[in-house]
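Please keep the sequence and the model in view while reading.

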Amino acid sequence: MSSDANTPVLRNCIRLPLAEDELLEVTAKAKDYAIMHGAAMRSKTAFSPDSLNFAPFVLVPSSFPRKEFEKAVALQPIINRLMHNVAHDEEFITTTLAETIKVDEFTANLFNIYRKVLAHGFTQKTSLGMLRSDLMLESGCPELSPRVLRTAAGEDGGQDAGAAVGQRAGVVVAVGAAAGTGSKEKELQQEQEQKQKQHREVQLGRATKERERRANGVHSAYCCWKQVEINTIASGFGHLGPASKTIQRFVLSELGHADKLHNMPDNNALAGLCDGMVKAWDIYAKPKAVILFIIEDVSYNICDQRFHEFYIRETYPHIKVLRRTLTEVHREGKLGQSKELLLGSQEVAVIYFRAGYEPGHYHSQAEWDARYLMETSLAIKCPSIHYHLAGTKKVQQALAQPAVLERFINDPEEIKAVGKIFTGLYSLDDNEAGNASYEMALRTPERFVLKPQREGGGNNVYGVDIPDALKRMSRVERSAWILMDLIHPPLTKGYMVRPGGDMPPQIVDMVSELGIFGVVIGDAEHIVHNYQAGHMLRTKLSTANEGGVAAGLGALDSPYLIDSDDEDEQK
């Protein structure tokens, strides 16, 4: 993430600032509304199991280009299938992580479990993937250059080329006449031609404005998106994502803008993810078996976790849900005669990991033994150990290399679509390519972010801090990290509301990260369920490098879909 004086700004969904008395009143209401609708967390600074704070949130929804949102939603099932295929490619995972596991103890421990499970054969061949693909808008998108836009409008190469490039830029261009006869056919053809003419006029207008912007060193706010990462374990905010929309719908209605609610897309993430767990439970086919949530010793993000549990209990009351830490599984767990996982007398059908993604969750060998016990059991895991490894940064960096996607995706158009979402990802292994990346990072560190094989936020190194971090590493130690191009998202302006924050809140510059959820269930040979399952939006101050809400760095938000940054701000 990066911004400067020339960073473009997406137009707001309503005109800001609000009058102070109106702002004070609606903010106070929204805080209570958040608490009363489960948009809350336990405090990290004054923790009590008996109290909650509202989760930080943005008062009104942040704008997001409609076509880019729709493209991300449509692409998620392809990403699901990609990650499923990666997880089941033993050779690719082993080769890709070969250098990393020499220097990263945590990844090595995960890989050792993977290796042992492979040696004995997977007891449970079915995996449940509940993924989240995180992305940010890129204001320097080459697909929105004046040349491309003018080509899409039918200039510089003709209408057919324009249709192709328009599709590439996320613009749907209708071509050809509808089948028919006589006057109906002529009428349809005229209607089609009129739509094409209007499309060309819009594209030419955007091209002219974009050319003017870039002549002044300014990029368009209406831009494409690039993938930040794919999460394959503990992909949170299935409840808090929809909850943020609930808060912001209330706020817009209170402010007299109920007419704008139709631009906030439906978000059924909680139902989509929980139904995925239930589909896996159905596959296990033991009516008395339970779903097990693996949790941290202390759960700060308690509402997001509990709402998953409560949704299952309320919607499927015949399915019991247990919560256990890794330590408790080590103490209580054992395998039955058919390698079923037993906690006391209760058989476990599905294991949903909300912990186990960072070294601090494994206090001793006991927790690692518990993870291995679960991996060797008959229970369906979310994620299985191979899915967990498929989500490492090193694997994602390898997927961005030329021709690698062809190993996992057959359709050329899908390969092209997925390939375009990757930003630059570079190996730091001790070889010619890795050494070249190392030198590049030392020369121009402001262009990059340095990422380790970790989830949970707060682990990355940004910009000018990169050279010192790299110089402290040996050539071998660098293999545990990857280098990624810094994304330059457009800004939004709005009010960020935090527990203990200023009242009234001040307008601040913000940037957002969209997460698209996906569910995929299957084995190495067949996928039986694959669907997009909702979304979440996290927003942070433009000056902050990282934005995890649970980590205390971001705020809950939801997208307000806009069709162009050329339109005037609505009143």
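The model is predicted: local features need pLDDT of at least 70, side-chain atom pairs count only at pLDDT 80 or more, and totals for chains, interfaces and linings use all residues. Residues are numbered from 1 along each chain as its sequence is written, and side-chain values use heavy atoms, with hydrogens and water left out.

The chain contains 18 helices and 21 strands; these are DSSP runs numbered from the N terminus, helices being H or I of at least four residues and strands E of at least two. Of its 571 residues, 57% are buried. Buried means under 20% relative accessible area, exposed over 50%, and partly exposed in between, with a 1.4 Å probe and protein chains only. Among contacts (heavy atoms within 4.5 Å) with a separation of 6 or more, 77% join residues 24 or more positions apart.

The accessible surface of the chain is about 23,700 Å², and carbon and sulfur atoms account for 49% of that surface. Such areas come from the Shrake-Rupley method with a 1.4 Å probe; for residues, only the protein chains shown count as cover. Ile35, Met36 and Leu52 form a nonpolar surface patch of about 300 Å². Patches are made of residues with over 30% relative accessible area and no salt bridge, like charges being joined within 9 Å and nonpolar side chains (Val, Leu, Ile, Met, Phe, Trp, Tyr) within 5 Å. Met36 belongs to helix α1, residues 20–36, and is exposed because its relative accessible area is 66%.

Two other helices meet elsewhere in the chain. The axes of α2 (residues 66–87) and α16 (residues 412–419) come within 11 Å and cross at roughly 95°. Therefore α2 is roughly perpendicular to α16, a term for angles of 65 to 115 degrees. Axes are lines fitted to C-alpha atoms, for helices over the stretch in contact, and angles run from 0 to 180 degrees between N-to-C directions. Leu75, Ile78, Arg81 and Leu82 of α2 meet Glu414, Ala417 and Val418 of α16. Glu414 is buried, at 18% relative accessibility. Leaving aside residues up to four places away in sequence, Glu414 touches Ile78, Arg81 and Ile409.

The backbone also has particular features. Cis peptide bonds join Leu16 to Pro17, with omega about 5°, and Met503 to Pro504, with omega about 0°. Pro17 is in the segment before α1, whereas Pro504 lies in the loop between β17 (492–497) and β18 (507–522). Phe237, although not a glycine, has a positive phi of about 80°; this residue is in the loop between β6 (224–231) and α9 (240–254) and is buried, with a relative accessible area of 7%.

Charged side chains complete the picture. The chain has 22 salt bridges, a salt bridge being a side-chain nitrogen of Lys or Arg within 4 Å of a carboxyl oxygen of Asp or Glu. One of them pairs Arg66 with Asp563 at 2.8 Å, N to O. This pair links distant parts of the chain, 497 residues apart: Arg66 is in α2 and Asp563 in the segment after β21 (559–562). Arg66 is buried at 18% relative accessible area, while Asp563 is partly exposed at 42%. Another salt bridge joins Asp134 and Arg132, both of which are buried.

Methods: Parallel < 35°, antiparallel > 145°, perpendicular 65-115°, else oblique.
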